[in-house]
Amino acid sequence: MADKTTLARQFIEAIPHARALGLALTKIGEGEAEITLPYNADLVGDPRTGVIHGGAVSTILDTCCGAAVMSHPSAPGGTATIDLRIDYMRAATPGQTITARANCYHITRNVAFVRATAMDEDKDKPVATATGSFTVEAK
Amino acid sequence: MPRARPEPVQVVKQRRDAALRALVEGVPYMRFLNISFDRRGDELTGVLNFDEKLIGNPFLPAIHGGVTAAFLEVTAVITLSWENLFSRIESGEIDAEDIATNRSIRFPKTIDFTVDYLRSGLPRDAYARAFVSRSGRRYASVRVEAWQDNHARPFAQSTGHFLMPQPAAAKD
């Protein structure tokens, strides 16, 4: 299924805002996705610390959740976010790439339920977690 | 004793606008998304100035859900800071210069943020207003709504909790 991965990568990387952030899809399939966000000084939320703004973390989590839904074997087509909650555990370390992993753990005909985690290079302590519900759209 | 004459309008506007600019301009991510703020008295409206790079779904097209979340969060944080600092700005205790340089003046930290997506964000400017439901010494709860053409038809709403910046420990 390498084709599906390539297709999904092209799809995500064709989103104008994903491109503006430099998002890269690194894994996809069976309702799971992984996306990376490289450190970028334009995304800093507090110039005194150099920490990336929470909004950019929300964006990578939202994109990753959407990709996980679309990769689910029971998802026929596109998706849109209904609701997304983000919990911020700590500031991401300046200079480090942020990696988001999402898992679409349940899907019905109309709704997909997703959990995601954002990490920097310290894989023991998450930066943020997300839980969301997404629409399931016909092909 | 006669009451003091009110300050000239230019002095009031200059003080408030300079303080707001100092709060907003230092943040690279707000420049990246091109978010600005309109001020009427102490009331702020966030403005997300549309650009093609904010698009998340090129087929509709629609604004990226992450951009919408970020816009609402930025509006919540700036409004909360503004309400928190306003009396100190008005009394002359702090000014724009302090906001830009004083390291003890910090933004509240987001604890959690929940966004309801009500409609897709159209490819045009968006507006947001935050309402501070409660602001305590440590925690604050804020509600935000965002709209485009018609204020009565919001395209997103959210609630979030924030950790307020703590004053430096008092010295004996």
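Strands β5(A) and β5(B) run antiparallel and are joined by five bridges. Strands here (E, at least two residues) and helices (H or I, at least four) are DSSP runs, numbered from the N terminus, and two strands pair if DSSP finds at least two bridges between them. The model is a predicted one, in which local features need pLDDT of at least 70, side-chain atom pairs count only at pLDDT 80 or more, and totals for chains, interfaces and linings use all residues. Residues are numbered from 1 along each chain as its sequence is written, while chains are lettered from A and ligands numbered from 1 in the order in which they are written.

Now for the whole sheet. It is open and antiparallel, with 12 strands in the order β1(A)-β2(A)-β6(A)-β7(A)-β8(A)-β5(A)-β5(B)-β8(B)-β7(B)-β6(B)-β2(B)-β1(B). At its edges stand β1 (24–29) of chain A and β1 (35–40) of chain B; each has a single partner strand, so one side of each is left without a neighbour in the sheet. On average, neighbouring strands are turned by 20° against each other, direction ignored. Angles like this run from 0 to 180 degrees between N-to-C directions, and the axes are lines fitted to C-alpha atoms, for helices over the stretch in contact. Within chain B, β5 (residues 109–117) pairs with β8 (residues 156–163) in the antiparallel sense over eight bridges, and B:Thr114 stands opposite B:Thr159 in β8(B).

What lies across β5 (81–88) of chain A as well as strands of chain B? That is helix α3 (residues 65–90) of chain B, which also lies across β1, β2 (43–48), β5, β6 (126–135), β7 (139–147) and β8 of chain B, at about 50° to β6(B).

Next comes the contact between the chains, where 30 residues of chain A meet 30 residues of chain B; two residues are in contact if their C-beta atoms, placed from the backbone, lie within 7 Å. On the chain A side, α2 (16–21), β3 (44–46), α3 (54–71) and β5 each supply at least two residues. The largest share, eight residues, comes from β5(A). By class, the chain A side has 14 nonpolar, nine polar and seven charged residues (Ala, Val, Leu, Ile, Met, Phe, Trp, Tyr, Cys and Pro count as nonpolar, Asp, Glu, Lys and Arg as charged, and the others, Gly among them, as polar).

Taken by itself, chain A has three helices and eight strands, following the pattern α-α-β-β-β-β-α-β-β-β-β along the sequence. Chain B has four helices and eight strands, with the pattern α-α-β-β-β-β-α-α-β-β-β-β. Buried residues make up 42% of the 139 residues in chain A and 34% of the 172 in chain B. A residue is buried if 20 or more other C-beta atoms, placed from the backbone, lie within 10 Å of its own.

How confident is the predictor? Chain B averages a pLDDT of 91, and 97% of its residues score at least 70; pLDDT is the predictor's confidence in each residue, from 0 to 100. Confidence in chain B is lowest in helix α4 (residues 96–101), at a mean of 80, and highest in β7(B), at 98. For the complex, the predictor gives an ipTM of 0.93 and a pTM of 0.93.

Technical notes: A residue is buried if 20 or more other C-beta atoms lie within 10 Å of its own, exposed if 12 or fewer, and partly exposed in between; C-beta atoms are placed from the backbone.
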